[in-house]
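Please examine the sequence and the three-dimensional structure shown below. The paragraphs that follow move from the whole chain to its individual parts.

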Amino acid sequence: MSNIDPAPGYQTYHQPTGPERPVRQQAGARRAALMICTIADIAAGFLGLWILLFLLDANQANVFVEFVRGTADLLAFWSQDIFTMDTEGLRVILNYGLPAVMYLLIGHGIAARLNRA
């Protein structure tokens with residue numbers, strides 16, 4: 001074993017010989033993809049939680065319910081009143097469910113693209 005050989009059990013770092021990316025760049029892309037997925041999942045989680053709290057007729061004066069509703073309103077500002085149904089529950093499901101699905105699709109799509117590139 002020479003001084004330039006890696007110690008047993010440790011990953012080797014080599015210069016790319018073809019179109020592959022360096023190891024550090026791959027790790028950075030994976031970290032960014034994980035952050036994007038996490039943010040998208042949290043956003044969709046807040047929207048889904050608000051839908052659930054609304055359908056279960058949670059106490060609107062509760063601080064936690066107010067926080068979840070305010071956060072969901074911020075996340076779904078662009079989709080408010082796209083659907084104007086007579087049934088209040090269906091209206092909330094559609095107006096808050098659409099952005100939840102969009103955040104998941106876009107966030108996970110961007111993350112998949114980062115991991116693939």
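**From the whole chain to one residue**

Of the contacts in the protein between residues at least 6 apart in sequence, 53% join residues at least 24 apart; contact means that heavy atoms lie within 4.5 Å. The structure is a predicted model, in which local features need pLDDT of at least 70 and side-chain atom pairs count only at pLDDT 80 or more, whereas totals for chains, interfaces and linings use all residues. Residues are numbered from 1 along each chain as its sequence is written, and side-chain values use heavy atoms, with hydrogens and water left out.

The protein contains three helices and zero strands, and its elements run α-α-α from the N terminus on. Helices (H or I, at least four residues) and strands (E, at least two) are DSSP runs, numbered from the N terminus. Of the 117 residues, 23% are buried. Here, buried means under 20% relative accessible area, exposed means over 50%, and partly exposed lies in between (1.4 Å probe, protein chains only). The protein exposes about 8400 Å², of which carbon and sulfur atoms supply 64%; such areas come from the Shrake-Rupley method with a 1.4 Å probe, and for residues only the protein chains shown count as cover.

Consider next helix α2, residues 63-75. At 1.5 Å a residue, its 13 residues should span 18 Å, and its end C-alpha atoms are 18 Å apart, which agrees. The expected span is 1.5 Å times one less than the number of residues. Within α2, V65, V68, T71 and A72 are buried. They cover an arc of only 130° around the axis, so they lie on the same side of α2; the arc is that of the directions from the helix axis to the C-beta atoms. The face turned away from this buried side carries the exposed residues V63 and L74.

Helix α3 covers residues 88-116; its 29 residues should span 42 Å, in agreement with the 42 Å between its end C-alpha atoms. A kink of about 30° lies at G97, shortly before the proline P99. The bend at a residue is the angle between axes fitted to the seven residues ending there and the seven starting there.

Which residues does N95 contact, leaving aside its neighbours within four places in sequence? They are A76, S79, D81, I82 and F83. N95 is found in helix α3 and counts as buried because its relative accessibility is 0%. Its side chain reaches the backbone oxygen of F83 at 3.0 Å.

How values were computed. A polar contact is a pair of N or O atoms within 3.5 Å; within protein, one must be able to donate a hydrogen and the other to accept it, and residues adjacent in sequence count only if both atoms are side-chain atoms.
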